[in-house]
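Hi,

Here is the structure I promised to pass on.

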Amino acid sequence: MKKMINMNIKNLRIQHQLTQEQVAERLNVSRQVIVKWEKGESTPDIQYCMELAKLYNVTLDNLVNFNEQGNGLGVPPKGKHFFGIATLGERGQIVIPKKARDLFHLKSGDRLIIVGDEERGIAIVPEQMMSSFFNMVNLNFKQEEDK
């Protein structure tokens, strides 16, 4: 566990373009403490873990346990999930990972809608979530246009 948390702390800091000094200031600790956490020489206590998770907008569980080597992706933001990689079969079929099926209560026979954006990619949306999905997409496009 120590190895995952120290790599996550370092990778999240770099991803958020923060220096060790900046993180130390936000947590009210010395830069040397951050260095030790990132090297795995020590581990932050639960209070600092909670503050780091809040700072980087990730879940506490992902801060502590997320293993980037398993999927090659960084720690996902809170509410976002990386379920792994699905391989496209020769007839276009994919297997949705069990964790995703469980989280979204998908079962055999459920209807899924495939939507795409040439710039952003492809998405699979359960039919019963389609209207809320499009409301969210429209809101995001409106916010981009207003910028």
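Ile124 is found in strand β2, where strands are DSSP runs of E of at least two residues and helices are runs of H or I of at least four, numbered from the N terminus. Ile124 is partly exposed, at a relative accessible area of 39%; buried means under 20%, exposed over 50%, and partly exposed in between, with a 1.4 Å probe and protein chains only. Ile124 also belongs to a nonpolar surface patch of about 580 Å², together with Leu88, Ile94, Leu112, Ile114 and Ile122. Strands β1 (112–117) and β2 (121–126) are the elements that give two or more residues to the patch. For the cut-offs, patches take residues with over 30% relative accessible area and no salt bridge, joining like charges within 9 Å and nonpolar side chains (Val, Leu, Ile, Met, Phe, Trp, Tyr) within 5 Å.

Before you go further: this is a predicted model, where local features need pLDDT of at least 70 and side-chain atom pairs count only at pLDDT 80 or more, while totals for chains, interfaces and linings use all residues. Residues are numbered from 1 along each chain as its sequence is written, and side-chain values use heavy atoms, leaving out hydrogens and water.

Now the overall picture. The protein has 7 helices and 2 strands, and from the N terminus the order is α-α-α-α-α-α-β-β-α. Of its 147 residues, 26% are buried. The accessible surface is about 10,800 Å², with 52% of that belonging to carbon and sulfur atoms; areas come from the Shrake-Rupley method with a 1.4 Å probe, and for residues only the protein chains shown count as cover. Among contacts (heavy atoms within 4.5 Å) with a separation of 6 or more, 35% join residues 24 or more positions apart.

Next, the inside. The largest nonpolar core holds 19 residues, and Val23, Leu27, Ile34, Leu52, Tyr56, Val58 and Leu63 are the ones touching the most other members. A core here is a set of buried Ala, Val, Leu, Ile, Met, Phe, Trp, Tyr and Cys residues joined through side-chain atoms within 4.5 Å. Helices α1 (2–15), α2 (20–27), α3 (31–39), α4 (46–56) and α5 (60–65) each give two or more residues to this core, and α4 has the largest share, with 4. Leaving aside residues up to four places away in sequence, Val58 touches Leu12, Ala53, Leu63, Val75, Pro76, Pro77 and Lys78.

How many aromatic pairs does a search of the whole structure find? There is 1, made by Trp37 and Tyr48, whose ring centres are 5.5 Å apart and whose planes sit at 50°, so the pair is tilted. (Rings of Phe, Tyr and Trp, using its six-membered ring, pair if their centres lie within 6.5 Å; planes under 30 degrees apart are stacked, over 60 edge-to-face, the rest tilted.) Trp37 is in helix α3 and Tyr48 in helix α4, so the pair ties together parts 11 residues apart in sequence. Trp37 is buried at 4%, whereas Tyr48 is partly exposed at 23%.

Trp37 also turns up beside Asn6. That asparagine lies in helix α1, is buried at 8% relative accessible area, and touches Trp37, Glu38, Lys39 and Gly40, not counting residues up to four places away in sequence.

On to charges: the whole structure has 3 salt bridges, defined by a side-chain nitrogen of Lys or Arg within 4 Å of a carboxyl oxygen of Asp or Glu.

- Glu38 and Arg13 meet at 2.5 Å, N to O. Glu38 is in helix α3 and Arg13 in helix α1, so the pair ties together parts 25 residues apart in sequence. Glu38 is buried at 7%, and Arg13 counts as buried at 10%.
- Asp102 and Lys98 meet at 2.8 Å, N to O. They are 4 residues apart in helix α6, separated by about one helical turn.
- Asp110 and Lys107 meet at 3.2 Å, N to O. Asp110 is partly exposed at 25%, while Lys107 is exposed at 59%.

One backbone item to finish. Most residues other than glycine have a negative phi. Asn57, in the loop between α4 and α5, has a positive phi of about 55°. His105 also has a positive phi of about 55°, and it sits in the loop between α6 (98–103) and β1.

Cheers
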